[in-house]
Amino acid sequence: MISVTVDEDIHEAAPHERLIDLFNRSGVRVPHVCYHPRLGPIQTCDTCLVEVGGKLVRACATQTSDGMVVSTRSSAAKSAQRAAFDRILGNHLLYCTVCDNNNGNCTVHNTTKLLAVEHQRIPFQPKPYAVDHTNPFYRYDPSQCILCGRCVEACQNVQVNETLSIRWEDPHPRVLWDGGAKIGESSCVSCGHCVTVCPCNALMETTMLGHAGFLTALPKSALEGMIDLVKGVEPEIGYRPILRVSEAEAAMRETRIRRTKTVCTYCGVGCSFDVWTKDRHILKVEPADGPANGISTCVKGKFAWDYVNSPDRLTAPLIRDGDGFRAATWDEALDLVARRLTEIKAASGPDSIGLIASSKCTNEESYLMQKLARAAIGTNNVDNCSRYCQAPATMGLFRTVGYGGDSGSIADIEQAALVVIIGSNTAESHPVLATRVKQAHKLRGQQLIVADRREHEMARRADVFLRPNPGTDLVWLSAISRCSTTA
């Protein structure tokens, strides 16, 4: 550990630690809008400028050294931070009280408060572009976009879909999808990374709009009138009392918006996220910086939950009636199942009946299923659907590494020099895991071999793509193993 002096206080830091990480860890309050610990230094906002050795440096891109002396409160640092944030506010219309993103976690709102901004020195200038609603899951408002570049970095180097960019030479820069296509017509895979890292309301889930705040569901004309009224009094009273009203409204939202931490059940990666709910309706899914996924989600985990409150969900049991089905009561349905099982058991014996549990059931539910099979029906014909596809892999792992599961971690896959994918379109089946491979392949030179009959995304990214004939896996795997051993 080394010693770094920050505003006359001595702090311990790891060698070459980013200054901004030291500040955040030590409780030193320095604004930073474009920096995100999962994205690294983007260096577009300049709000984290501090003074080191008489020079202004970006805290997000400056590493610690032993004996370093840092001033975050010098007149030069404070002036530079404020000037940088003034430029940001020129791209953003503050209307926090009637904004669906006013939930205590808006970086622009919080930075306005941290820097004690009373008035905008650079007037807001809307961009001459329409709001893009062409994606079914989120929308982009160019006039609210502060051009921090977080979403671009997330798309380029976290998801590695490489759809988003900013053309800075344009007269009115904005975030572009495939160079200027509408979102719904672009190569966007709706992973949600861009929405997650957006520090304001430029990118927002459509399910949040009009539902998060107490006033946000008002007609557009009423909202615009309220915004104009607030902007009219801002020159006289300043932002401080306006922000207090916004924070009071945000605190009221906490009484009706619940955030529940859970783990996604779509695949086995184990992504962790918070589910935002209001009145038993889901508002959004937000990654909870879990050990498996960090800020990452896929289209299924982030957005594929509308079935929960879908009007198409079954609300009553259905009984086959001829070629169709008819609705029935639970008593009628359960009586029918019990009667038919009893009749089949009496006619053909208990072993003529088999029960299959879902792999998405809890351990307790699976236990009850086997108890029903063994204790009530009298058969051992009970199975789980995951065994069909997992049993060969489990057996192979037991024979090779002595353990019937993964012997490594996702982090190990990221750090590997070579990854071999056999018969899997990982970008489709386990998208968040695939992002780690794509990151390592793009940013760290990881080698990638894909063997599959299909030419999918991972195959197109591979350094070597094999299309083996069916039944030849043992031959070419043995050849690779022999070559790697002799090498």
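This is a predicted model: local features need pLDDT of at least 70, side-chain atom pairs count only at pLDDT 80 or more; totals for chains, interfaces and linings use all residues.
1. Strand β4 covers residues 55-58, and strand β3 covers residues 49-52. The two strands run antiparallel, and four bridges join them.

2. Now look at the turn. β3 and β4 make a hairpin, with two residues between the strands. Gly 53 sits in that turn, and its phi is positive, at about 60°.

3. β3 also pairs with strand β5, residues 68-71. The sense is again antiparallel. Two bridges link β3 with β5. Val 52 takes part here as well: its bridge partner in β5 is Val 70.

4. Which way do the residues of β3 point? Leu 49 and Glu 51 point one way, while Val 50 and Val 52 point the other way. All of them are buried, Glu 51 included.

5. Turn to the helices. Helix α3 spans residues 107-114, and helix α7 spans residues 239-254. Their axes come within 11 Å and cross at roughly 135°. Angles over 145 degrees would count as roughly antiparallel, and 65 to 115 as roughly perpendicular. α3 and α7 are therefore oblique to each other. The crossing of α3 past α7 is left-handed.

6. Which residues make this helix contact? From α3 come His 109, Thr 112 and Lys 113. They meet Leu 243, Ser 246 and Glu 247 of α7. By type, the contact of α3 with α7 holds one nonpolar, three polar and two charged residues.

Key: Residues are numbered from 1 along each chain as its sequence is written. Side-chain values use heavy atoms; hydrogens and water are left out. Axes are lines fitted to C-alpha atoms, for helices over the stretch in contact, and angles run from 0 to 180 degrees between N-to-C directions. Angles under 35 degrees count as roughly parallel, over 145 as roughly antiparallel, 65 to 115 as roughly perpendicular and the rest as oblique. A crossing is left-handed if the near helix is turned anticlockwise from the far one by less than a right angle, and right-handed if clockwise. Contact means heavy atoms within 4.5 Å. Ala, Val, Leu, Ile, Met, Phe, Trp, Tyr, Cys and Pro count as nonpolar, Asp, Glu, Lys and Arg as charged, and the others, Gly among them, as polar. Buried means under 20% relative accessible area, exposed over 50%, partly exposed in between (1.4 Å probe, protein chains only). Two strands pair if DSSP finds at least two bridges between them.
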